[in-house]
Every structure is written in structure tokens, then in C-alpha cells.
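Here are some notes for your first look at this model. Please keep the structure open as you read.

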Amino acid sequence: MLLTVLVVVAGLSLWISSMMDPGAGKTLLTSLGTGTLISAVVGFGQTLITATASQRAMVTPVIEESRRALEALSAEYRSLNKEFFPTHVFEATTEPDPMFNRILTEDLDVTRHYFFRGFSGRHAAARLLLSRTERELRVVIADPRDEGAISGRARYLLRSEEAGMDYETIQARLDDEISIGLVGLFLARGRCSLVDITVVADPPLDRLEVFDESVWVTLYSDIRGATTLYPRTLRFSEGSFLYNKERSEFLRVSQSRSGRHFRISTTTTRTDFLALYEKITGSPLSEENFLELEGKFHAFRKEFTELAELNP
């Protein structure tokens, strides 16, 4: 406001003096206008310098502090995302998702310890036979000697199967899947330094696959995917809350003294496996039945490889 008054006074003084005859009055008005104009220019310069200095002294530190606070907040959010949020979410589908299988296979290829908790272990054995890297395998599967161990999976399949499929038929199919899975794990022993099998009477409905750098949780318990064949699956990275929790829980179950534990190694012969199979299932396995189950497993592996678009 003051600068505006000075400029107006200087302008009026110079304009009036320009219309006056030479003399003391004109000289006085000219001097007044010139001095006022110089004061206005100097005042404007001082104001500009003061404003710039004030901004540097007050505004710039605030901006810098805000930037650091936002960076810290962003880092905290990234940490929380890694701790509690999945890196990938695969929604429930009726057909295998090639992207799901590709990323999971990549995780398997770089892992040395593969932990699988599921119903039969067929998929774990099939994936191992596609790999060329030796690793340690630990599996937790349903106890075929306990009828309650397969009831949860049977009820899930009843919801996703076509009408007309009865419980007994599904139960018989699940019993067959466990047998096929055991034979598959035996056939995959050449890809493993150790195959450790734990059978439990009350396995969780959700499937779990733990690798060195990630954990995959397939949510058979998610009612939103109850009518689909392939449930919703979440992938969490190493170091996340879910990774540490699920890995610790898996090791607790697989190392529990109260569980039934069995081992297959590269030196396990077919005769050894036939005896081991009877211990696990409570039923003898003849050579003829073994060959039949072996054929079923290879048929499953071939179908799974093609549907998942995995290179053999």
C-alpha cells in the first residue's frame, strides 16, 4: 500500500512539474517526484529482498521437513505393505491360471526347502518332476486312516461339483487321490535330498506352499470361491507376518512328536515303499496296484502340466 502511495505521489509531482514554467515551484515538485520515485524503487527492492529472505528462513525449512515426513510415512507404508499385504492375489477360477503357475514355479526353482501342506501332495510331486534342482521336501497331508481327515475337502467338492455327485463317490475319489499322491512323492524322490511326510487327522482346509522367498495360501475355506474348482490364492513375501507365521506353524506340525512321520529318500526301493505305503494307509499295496497308481499319477501330471501351461 505504501509503495502504491509513493508511486502515485511521484507520478503526480512529475506530471504537474512538467506543465509548470521554470522556477522554484517546478524545481521543488521535480525534486519531490524524483525523490519519492527513488524511495518507491528502493522500498520495493527492500521488500523483495526481505520476502525472499523470510521465505528461505521460514517456508523452505517447513517444506523440507514436510518432505522428510512424507518420505518417512511412505517408507512406513511400504514396510506395512510387505508385512501384512500380499504381493499377488489370484482370484478363484474354474480353469488353471497360467500366471499363477508360472510365478509359483519361479519361486520353486530358486528354493532349497519346499514345504507343502495340502490334501494329497499330488501337485507337489508333479511340480518336483518338472524341476531339475534338488531340494528338501516336507509335506503335511491328510491321514487316509482317519475318515474325518477328508470330510472337509469332500464338503468343499460337493459345493463345486455338478448336481448328482454324491458324498460317497467324492470320498472314494479323495482316497484314490491320497494313494496317487503317495506314489507321486515316491517317484519324485530323485529330485529331493529328503522327502519328509507327516499325516494328520485334522488338516486345515487351506493349502499352503512355503518357499525360501515366499508363501502361497490357497483359500479353500473362502466361501466366495466355493463354487469354483480353483480357489482364491494369496502370495506373501519372505519376512512378512504371514510368511513367518505359516512357516513356524508348518515346522511345528511337521516336527511334532505326536504326529505320524515317514521318510522317503533316494535309496528307498519299491519294496521299501510298498511297506511304507501300508504303514501310512493301513492297506497293503500289491505290485499290480502300484503300477496302476503310477499310471494314474503320470496321467494326472500330464494333464496338470498341459492345463497349467508348464513346460515339461
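Predicted model: local features only at pLDDT ≥ 70, side-chain atom pairs only at ≥ 80, totals over all residues.

1. Start with helix H9, residues 287–307. It has 21 residues, and at 1.5 Å a residue they should span 30 Å.

2. Which residues of H9 are buried? They are Phe-290, Leu-293, Glu-294, Phe-297, Phe-300, Phe-304 and Thr-305. Seen down the helix axis, these buried residues fall within an arc of 130°, so they line one face of H9.

3. Now turn to the face of H9 pointing away from the buried side. Glu-288, Lys-302 and Glu-306 sit there, and they are exposed.

4. What covers the buried residues of H9? The cover includes H3, H4, helix H6 (167–187) and helix H8 (270–281).

5. Glu-309 follows H9, and its phi is positive, near 60°.

6. Next, the empty space. Rolling a probe the size of a water molecule over the atoms shows where such space is left. The count here is one cavity of 30 Å³ or more. The largest cavity holds about 40 Å³ of space.

7. Check the lining of the largest cavity. Thr-105, Leu-108, Asp-109, Arg-127, Leu-130, Ser-131 and Leu-310 form it. By class, three are nonpolar, two polar and two charged.

8. Which helix supplies the largest share of that lining? H3 does, with three residues. Helix H3 (98–109) and helix H4 (122–130) each give at least two. H3 and H4 are also among the elements that cover the buried residues of H9.

Note on methods
Residues numbered from 1 in each chain as written. Heavy atoms only, no water. 1 Å grid on protein atoms, 1.4 Å probe; cavity = no way out; pocket = protein on both sides within 12 Å on 5 of 7 lines; lining within 4 Å. Points joined across faces, edges and corners; volume = space filled by probe spheres on them. Helix = DSSP H or I, 4+ residues; strand = E, 2+ residues; numbered from the N terminus. Nonpolar A, V, L, I, M, F, W, Y, C, P; charged D, E, K, R; others polar. Expected span 1.5 Å × (residues − 1). Buried < 20%, exposed > 50% of the residue type's maximum accessible area, 1.4 Å probe, protein only. Arc of directions from axis to C-beta. Contact = heavy atoms within 4.5 Å.
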